[in-house]
Amino acid sequence: MDRFSSIFENKTKKQKILIGIGFSALAFFLLLVSYLITTPGQNKSQVQNGQIPEVTAISVQNSNMSQLPNTAKIPTENYKNSDFQIKYPSTFSYQQEVLSGGGESLVLKPKTPDGNGTYIEIQVYSPSSASQSAIEDVFSALGYSKSQILVAKLPATEFKGSIVQDSNSMREMAVIFTNQSKVYKIQLAYFSKQENKEIEQIFNNIVSGLIPSGY
């Protein structure tokens with residue numbers, strides 16, 4: 001750090017300004033990459049148009065499991081690809097996407113028009129596009145609560161929190177783990193002033209029933 005400071009002091013005023021602009025551009029780029037990694041598809045169009053929503057993270061503690069609704073009677077559908085298989089509610093539709101950095105994404109959305117921007121996204125990153133620690137660092141930086149769980153007997157990290165966005169709260173849950181060198185991220189996002197225990201239980205059911213390739 002001292003060596004860098006001495007070099008910086010020897011620069012001209014114009015060179016110092018250019019260096020400052022360069023660091024600012026780098027910081028903005030890193031913020032943009034972090035946002036794209038952790039934000040589900042619906043909000044990414046705002047970033048691509050040069051609009052990044054102003055957000056404030058609020059830590060949310062895990063709900064008491066005894067208070068969660070019974071979703072066992074909801075009819076389910078099966079989905080399978082080369083990376084995983086799941087069961088999801090028949091009241092949801094799905095859309096397959098390809099990740100720009102390498103990998104695949106499955107987006108589940110309620111079929112009802114009053115879904116309030118609710119969706120569950122399962123992203124599987126190729127080994128060269130993202131690491132588990134890099135994705136986890138973004139959620140940790142947001143101040144989300146963190147716990148360790150198992151997904152198909154694989155160690156996984158679960159995050160839960162809320163972001164205040166445009167006078168509303170976007171609530172998120174995310175489970176991240178690695179299987180066969182690929183990084184899996186299962187993420188729920190919905191807008192609500194209060195926790196929606198039903199959608200969170202549906203998310204938990206999908207996570208607990210997910211079978212990665214090789215299992």
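The model is a predicted one, and the chain in it has five helices and 11 strands. Of its 215 residues, 38% count as buried, and among contacts between residues at least 6 apart in sequence, 53% join residues at least 24 apart.

**Helix H5**

- Helix H5 covers residues 197–209, and because its 13 residues should span 18 Å at 1.5 Å a residue, the separation of 18 Å between its end C-alpha atoms agrees with expectation.
- At the start of H5, the backbone nitrogen of Glu198 has a side-chain oxygen of Asn196 within 3.1 Å.
- The buried residues of this helix are Ile199, Glu200, Gln201, Ile202, Phe203, Ile206 and Val207, a list that can be read against the general rule for helices: with 3.6 residues a turn, residues three or four places apart point the same way.
- H5 lies across strands E3 and E11, and its direction makes an angle of about 155 degrees with that of E3.

**Strand pairing**

- Strands E2, E3 and E11 form an open sheet in the order E2-E3-E11, with antiparallel pairing.
- Strand E2 (76–80) and strand E11 (211–212) are at the edges of this sheet and have a single partner strand each, so one side of each is left without a neighbour in the sheet.
- E2 and strand E3 (residues 84–89) run antiparallel and are joined by five bridges, and the bridge partner of Glu77 in E3 is Tyr88.
- Elsewhere, strand E7 (residues 145–151) pairs with strand E8 (residues 154–165) in the antiparallel sense over seven bridges, where Lys146 has Phe159 of E8 as its bridge partner.
- The hairpin of E7 and E8 has two residues between the strands, and Ala152 in this hairpin takes a positive phi near 50 degrees.

**Nonpolar cores**

- The largest nonpolar core has 26 residues, and Phe84, Ile86 and Phe177 are those with the most contacts inside it.
- Two or more residues of this core come from each of E3, strand E5 (103–110), strand E6 (119–125), E8, strand E9 (168–179), strand E10 (182–191) and H5, and the largest share, five residues, is that of H5.
- A second, separate core has 12 residues, including Phe159, Ile163, Ala174 and Val183.
- Leaving aside residues up to four places away in sequence, Phe177 touches Gln132, Val151, Leu154, Pro155, Ala156, Lys182, Val183, Tyr184, Ile186, Leu210 and Pro212.

**A buried aspartate and an exposed valine**

- Asp83 lies in the loop between E2 and E3, and because its relative accessible area is 5%, which is under the 20% cut-off, Asp83 counts as buried.
- The side chain of Asp83 makes a polar contact, at 2.9 Å, with the side chain of Lys182.
- Lys182 is also one of the residues that Asp83 touches when those up to four places away in sequence are not counted, the others being Glu104, Val124, Tyr184, Ile211, Pro212 and Ser213.
- Val98 is found in strand E4 (residues 92–98), and because its relative accessible area of 71% is over the 50% cut-off, Val98 counts as exposed.
- Val98 and Val124 are 26 residues apart along the chain, and their C-alpha atoms are separated by 9.6 Å.

Conventions: Residues are numbered from 1 along each chain as its sequence is written. This is a predicted model: local features need pLDDT of at least 70, side-chain atom pairs count only at pLDDT 80 or more; totals for chains, interfaces and linings use all residues. Side-chain values use heavy atoms; hydrogens and water are left out. Helices (H or I, at least four residues) and strands (E, at least two) are DSSP runs, numbered from the N terminus. The expected span of a helix is 1.5 Å times one less than its number of residues. Buried means under 20% relative accessible area, exposed over 50%, partly exposed in between (1.4 Å probe, protein chains only). A polar contact is a pair of N or O atoms within 3.5 Å; within protein, one must be able to donate a hydrogen and the other to accept it, and residues adjacent in sequence count only if both atoms are side-chain atoms. Two strands pair if DSSP finds at least two bridges between them. Contact means heavy atoms within 4.5 Å. Axes are lines fitted to C-alpha atoms, for helices over the stretch in contact, and angles run from 0 to 180 degrees between N-to-C directions. A nonpolar core is a set of buried Ala, Val, Leu, Ile, Met, Phe, Trp, Tyr and Cys residues joined through side-chain atoms within 4.5 Å.
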